[in-house]
Amino acid sequence: MTFEHTRNRRLVLLGWAVFGVLVLASCRGPITPTPLPPSPALRPTFTASPLPSPLPPSPMPPPELPTPTPTSVPCAGPVCVLPGHFMLAWPVPPPDAATLAYYPFGGTARGRRDPHHGLDLPAAQGDPVLAPASGEVVFAGPDDAPEHLLAPWPNYYGQAVVLRHTFPGLPQPVFTLFGHLETITVTVGQQVAQGDLIGTVGSRGVAVGPHLHLEVRLGQNTYDAVQNPLLWLRPPEGMSVVAWRITDPQGNPIYFNGTSSAVSVIPADASSAPLYLETYADPNLAGDPQWHETQALGNLPAGSYRLQVVALGCPHELLLTAEPGRLTVVYWRLLPCP
Ligand SMILES: [Zn+2]
């Protein structure tokens, strides 16, 4: 919901070899994680695991599917490289992965905030907000009246625009929500094209400083119909999106939330700092209807990454390759600790 511009961070990692990655952060800003210590106890636990949903087994998609594609592609796991939904353009310039990791979709900023139902995109007051695809304006104005609520609380987004999009091959409409707008330049019922100006960035509603709060709502324009926008936004040139679902040996998802644990995303060549992500903290956020991810990270430079978690009493690691312009979905079933 909020984005903080000047952000000092502190983070403490404790118990890496025991039970968890303990991440503590101040209320003042983004987290500067302490690098995880190398651990000889890391165990490759990459195993073939079945889909967490009753999807029938499906062959892997061919390596060169056209992108973007309007439909999702089933993934038989354990690692699938997919076209992603990627039907939306960025309404403001895309931030880097570290910014996206700070208060990710479904996250709580280390337990300090409500589970995030969107992405916070950094932008300056008055910056233009552009329609990410053609569509119809279904909401434009303040969300403070009971009949105009877009969230469980009045005035959560201050001023907002909601667009309704339809895409060939996708049976459900897709709604995009733009919150905290300073000005609105469209009206309900208006048709817009991708790139049209719909408003300007502001800080109205529950916001700390100007930024754009972006939501993607699938099927219906409701607070709990949200999906991770990173599965829908086209990655910038050379960038990739990685989504994961981490489960115990029985296939039950393991969540990494709050101050006690996180999923580490570490460039294999150590070219940039590790990133630490929570998983979706709101039980109403079930992930993509087909992929059932519990978190995703976008705008990652293409390359190899190590995912690390501490769970079940020991550390685990998985190596993956993120391809440019593609979505990598990882179903990671952890092995029991020795
Ligand atoms: Zn937000």
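# Strands, cores and a disulfide

Modeller: Asp-120 stands opposite His-213 in S11. The model is a predicted one.

Colleague: What makes S3 and S11 a pair of strands?

Modeller: Pairing requires at least two bridges found by DSSP. Strand S3 (residues 119-122) and S11 share four bridges in the antiparallel sense, so the two meet the requirement.

Colleague: Which other strands pair with S11?

Modeller: Strand S7 (residues 174-179) runs antiparallel to S11 and is joined to S11 by six bridges; Thr-176 stands opposite Val-216 there. Strand S12 (residues 226-227) is also antiparallel to S11, with two bridges, and in that pair Arg-217 stands opposite Val-226. The requirement is at least two bridges, so S12 qualifies with two.

Colleague: Why is S11 called mostly covered?

Modeller: A residue is buried at under 20% relative accessible area. In S11 (residues 211-218), eight of eight residues are buried, and the strand is therefore described as mostly covered.

Colleague: How do you know that both faces of S11 are covered?

Modeller: One side carries His-211, His-213, Glu-215 and Arg-217, and the other carries Leu-212, Leu-214, Val-216 and Leu-218; all of these are buried.

Colleague: How many disulfides does the model have, and which residues are joined?

Modeller: The count is one disulfide, between Cys-314 and Cys-337. The sulfur atoms must lie within 2.5 Å; the S to S distance is 2.0 Å, so this pair is counted.

Colleague: What is the handedness of the disulfide between Cys-314 and Cys-337, and why?

Modeller: The torsion about the S-S bond is about -85 degrees, so the disulfide is left-handed.

Colleague: Which parts does the pair tie together?

Modeller: Cys-314 belongs to strand S18 (residues 314-322), while Cys-337 is in the segment after strand S19 (327-333), so the tied parts are 23 residues apart in sequence.

Colleague: Are Cys-314 and Cys-337 buried or partly exposed, and what makes them so?

Modeller: Buried means under 20% relative accessible area, and partly exposed lies between that and over 50%. Cys-314 has 7% relative accessibility, so Cys-314 counts as buried. Cys-337 has a relative accessible area of 22%, so Cys-337 is partly exposed.

Colleague: Why does Ala-311 count as buried?

Modeller: Ala-311 is found in strand S17 (residues 303-311). Its relative accessibility is 7%, which is under the 20% limit, so Ala-311 counts as buried.

Colleague: With which residues is Ala-311 in contact, leaving aside neighbours within four places in sequence?

Modeller: The contacts of Ala-311 on that basis are Ile-254, Phe-256, His-316, Leu-334 and Cys-337. Ala-311 and Tyr-255 lie 9.5 Å apart, C-alpha to C-alpha, and 56 residues apart in sequence.

Colleague: What makes S2 and S16 edge strands?

Modeller: Strand S2 (79-82) and strand S16 (295-301) each pair on one side only. They belong to an open sheet of four strands with mixed pairing, in the order S2-S19-S13-S16. Its twist averages 20 degrees from one strand to the next.

Colleague: In what sense do S13 and S19 pair?

Modeller: Strand S13 (residues 239-247) pairs with S19 in the parallel sense over seven bridges. In this pair, Val-329 of S19 is the bridge partner of Ala-243.

Colleague: Which residues touch the most other members in the largest nonpolar core?

Modeller: Phe-178, Ile-198, Trp-232, Trp-244 and Leu-297 do, in a core of 68 residues. Domain 1 (43-86 + 235-333) and domain 2 (119-227) each supply at least three residues to this core. A second, separate core has ten residues, including Ala-151, Tyr-156, Phe-175 and Leu-177.

Key
Residues numbered from 1 in each chain as written. Predicted model: local features only at pLDDT ≥ 70, side-chain atom pairs only at ≥ 80, totals over all residues. Heavy atoms only, no water. Core = buried A, V, L, I, M, F, W, Y, C linked by side-chain atoms within 4.5 Å. Buried < 20%, exposed > 50% of the residue type's maximum accessible area, 1.4 Å probe, protein only. Domains from an automatic or database assignment. Axes fitted to C-alpha atoms, helices over the stretch in contact; angles between N-to-C directions. Contact = heavy atoms within 4.5 Å.
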